[in-house]
Amino acid sequence: MRIVSMVPSATEILRALGLAQDIVGISHDCDYPAEILNRPRLTGTTLGSDLSSYEIDQKVRASAASGHSLYVIRTELFESLHPDLVITQQQCSVCAVDRDRTLCALESMKLDTKWLSLAATGFSGFYKDVLDVGFATDHQLQAEKLVVELAARLECVKERTASERRPRVFCLSWFDPLMSAGKWISQMVELAGGDARLGSPADASSHIAVDRLQEEAPEVIFIMPCSFSQSRTAREWASMRDLSPWKDFPAVREGRVFALESSLFHRPGPRLVDGVELMAALIHPNRCSFGELDLWRKVA
């Protein structure tokens, strides 16, 4: 089968189902696993790599107001690949090419191909996405097995942390303006044994006032701005760490602030479970462990 993945989460689901060799085209953001990095990249972004957090936010707002996408699709290259299946997404028009733009491109190219759109906003939806990809690729048994394995790993984390006190956790998803991560990331915090009251279950990211953080006094802070490298995350955090009120938060005083690999959290794919296991190891180090040290760093 010749498969085009328009979003990193789809690429990672395909890889987990043993279909990496069938991927003939990927998005500009697809960076995992290493074996797919040589595939043609069919999308690009108008966002510059040197923009500040504030400038990126302003561009996103202007794009939403104008109706113009932040992304481009390389239709000529796309068409030359003759895909049998195209996988896109409908979770967010900010983070990647979305379903509507993908379907418009397919129509303009007059490609007679199957398509599938990922729609998960939580773990139950993610499991459905995996099963849908399995059905579309005739890998139903592999998909069912994968869902069972991932659910079992989450259950293991829940059992390990069930008797532990739940510290207040703040997941920073953007620096300027300040935003708190929500939706499935809040669910990840709860699964990992934390109190996710500072995240919104309704929105992927939502603005949050520093006054609210002062009221809640987070005991653990996870910093995971979407698409930022750990080094950039650490630099931006360093510029505010010693300022009020940040320096007075329990998480900062007690050295429980961590810059995390954002791809484990912002992509609703199989590595979300890795993200839960990492959170659990940092929230409850006496109960859980996580081996891959390059996916996080302590920044306070």
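**Notes on the predicted model**

1. Cysteines. C226 is partly exposed, at 23% relative accessible area. C288 has a relative accessibility of 12% and counts as buried. This is a predicted model, and it holds 0 disulfides. The cut-off for a disulfide is 2.5 Å.

2. The sheet. Four strands make an open sheet, ordered β2-β1-β5-β6, with parallel pairing. The edges are β2 (23–25) and β6 (114–118). Each has a single partner strand, so one side of each is left without a neighbour in the sheet. On average, neighbouring strands are turned by 35° against each other, direction ignored.

3. The β1/β2 pair. Strand β1 covers residues 3–5 and runs parallel to β2, joined to it by 2 bridges. Within the pair, I3 stands opposite I23 of β2.

4. Helices on the sheet. Which strands does α4 lie across? Helix α4 (residues 99–109) lies across β5 (85–89) and β6, at about 150° to β5. Helix α5 (residues 123–136) also lies across β5 and β6. Its direction is at about 170° to β6.

5. T113. This residue sits in the loop between α4 and β6. Is T113 buried or exposed? It is buried, because its relative accessible area of 14% falls under the 20% limit. A polar atom of the T113 side chain lies 2.9 Å from the backbone oxygen of P83. Leaving aside residues up to four places away in sequence, T113 touches P83, D84, L85, V86 and L106.

6. Geometry of α5. The helix has 14 residues, which at 1.5 Å a residue should span 20 Å. After α5 comes D138, with a positive phi near 60°.

7. Burial of α5. Which residues of α5 are buried? They are F123, F126, Y127, D129, V130, V133, G134 and A136. The cover over these buried residues includes strands β5 and β6. It also includes helices α1 (8–16), α6 (140–161), α7 (184–191) and α11 (272–283).

Notes. Residues numbered from 1 in each chain as written. Predicted model: local features only at pLDDT ≥ 70, side-chain atom pairs only at ≥ 80, totals over all residues. Heavy atoms only, no water. Buried < 20%, exposed > 50% of the residue type's maximum accessible area, 1.4 Å probe, protein only. Pairing = 2+ DSSP bridges. Axes fitted to C-alpha atoms, helices over the stretch in contact; angles between N-to-C directions. Contact = heavy atoms within 4.5 Å. Polar contact = N/O pair within 3.5 Å; in protein donor to acceptor, adjacent residues only side chain to side chain. Expected span 1.5 Å × (residues − 1).
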